[in-house]
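Colleague: I am new to this entry and would like a short walk through it. Could you bring it up, please?

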Protein chains: 2
Amino acid sequence: MNIQLALDRMTIPEAIQLTHVVREHIDWIEVGTSLIKEFGMESVQKLKEAFPEKIIVADMKTMDNATYEFEMCFHAGADVATVMGVAPHVSIETCMEAASKMNKKVMIDLLGTTNEQINALAVYKDAIFCAHVSKDQQELTGKRNQSLNLPSKLLNDSSLELAAAGGITIDSLKDFKDACLSVAIVGSAITKADDPAAAACAFKEVITTIKGEKML
Amino acid sequence: MNIQLALDRMTIPEAIQLTHVVREHIDWIEVGTSLIKEFGMESVQKLKEAFPEKIIVADMKTMDNATYEFEMCFHAGADVATVMGVAPHVSIETCMEAASKMNKKVMIDLLGTTNEQINALAVYKDAIFCAHVSKDQQELTGKRNQSLNLPSKLLNDSSLELAAAGGITIDSLKDFKDACLSVAIVGSAITKADDPAAAACAFKEVITTIKGEKML
């Protein structure tokens, strides 16, 4: 399981500084949608320059104009880009093609999708499927992502890569231990911690423990 | 009916230059999603600075983080911002509140919504509802927006403001003459015309004719 550090609602220098502090404990770096919309592709470019050894995820949340948006962020240095599962199929298909051509990866954000839509998306075997409780859902309803609430078609297909995002804490991460989660996306539990390095380290320890238990 | 000029897949100076050429024939200026994701809020700010008399629409396509994204683009100079109709309801509600507080306007992009979702959205009486055939749907399937394919709940409510986007041409604009369309969103039919000023002028003439016919 990889930890994807989600960077949102901050400047590019703040994002770089914070990532430096936690870099040894995290695996992937997500340039959040708020950074992309506030600062453009410079946000992706600067994070890749600062951390060339890390996987950079551009949280594009693409709904349309798929080739342009995906090529733009891959050229800026992203290794993975997100498309919304609620986007028209033709856009998701185009994202898959753009990523394949450039040897990059697509993460399909399942926010707002129905089970029927998710089942239809399961054909994209090379994508990462992200079960997502949004910031607004967390802040305004108190809801958090505490289990992989996904159709069995996805959960039981061990060939698919799954990710989870939305208010994940060290405690809630343990709830995912039985799911084959490839990526745990963590934002404020690290970025807003009093000691971000200690928080990130604690996440890494939980993952190492889960891995150890699975090997027994 | 207002013409909203959609600016996409170009640099900020190109967007400003093109808008100067057509400014007398268009009403609203849309800073397209591609400009926002490529250049950030600077795109909104520069367009508002160059055309302070025009309504600036920031095509944010918000899916989450609604307060942050909407305040950010309104502070940058936007008068209207878009949220996706497929976003969680809590986010759309939050966009409506953020806009109301700042005396701005929300456009709800209906791309990918079901009739059931659209009917539920009709409670947002202050929003503009945008029937949208996406770029990818146009380019890859040849589909264009040729009629307001919306549930009767929206079409028959004269208190609601409606917009249409997606491959609108001078000919197809005439198909909308019976619909009470507040905003016709036009992109490449103006921006990629050999003579953008002449194309924008022709759109304006069609609208003036439609208005005239309605007054008879």
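**Aromatic pairs and overall fold**

Modeller: In chain B, Phe70 and Phe74, that is B:Phe70 and B:Phe74, both belong to helix 4 (residues 66-75), 4 residues apart, about one turn of the helix; helices are DSSP runs of H or I with at least four residues, strands are runs of E with at least two, and both are numbered from the N terminus. This is a predicted model, in which local features need pLDDT of at least 70 and side-chain atom pairs 80 or more, while totals for chains, interfaces and linings use all residues. Residues are numbered from 1 along each chain as its sequence is written, chains are lettered from A and ligands numbered from 1 in the order written, and side-chain values use heavy atoms, without hydrogens and water.

Colleague: How are the rings of B:Phe70 and B:Phe74 arranged?

Modeller: Their centres are 5.5 Å apart and their planes at 80 degrees, so the pair is edge-to-face. Rings of Phe, Tyr and Trp (its six-membered ring) pair with centres within 6.5 Å; planes under 30 degrees apart are stacked, over 60 edge-to-face, the rest tilted.

Colleague: Is B:Phe70 buried or exposed?

Modeller: B:Phe70 counts as buried because its relative accessibility is 0%. Buried means under 20% relative accessible area, exposed over 50%, and partly exposed in between (1.4 Å probe, protein chains only).

Colleague: And what is the relative accessible area of B:Phe74?

Modeller: B:Phe74 has 4%, and is buried.

Colleague: Changing topic, how many helices and strands are in chain A?

Modeller: Chain A has 11 helices and 8 strands. Buried residues make up 59% of its 216 residues.
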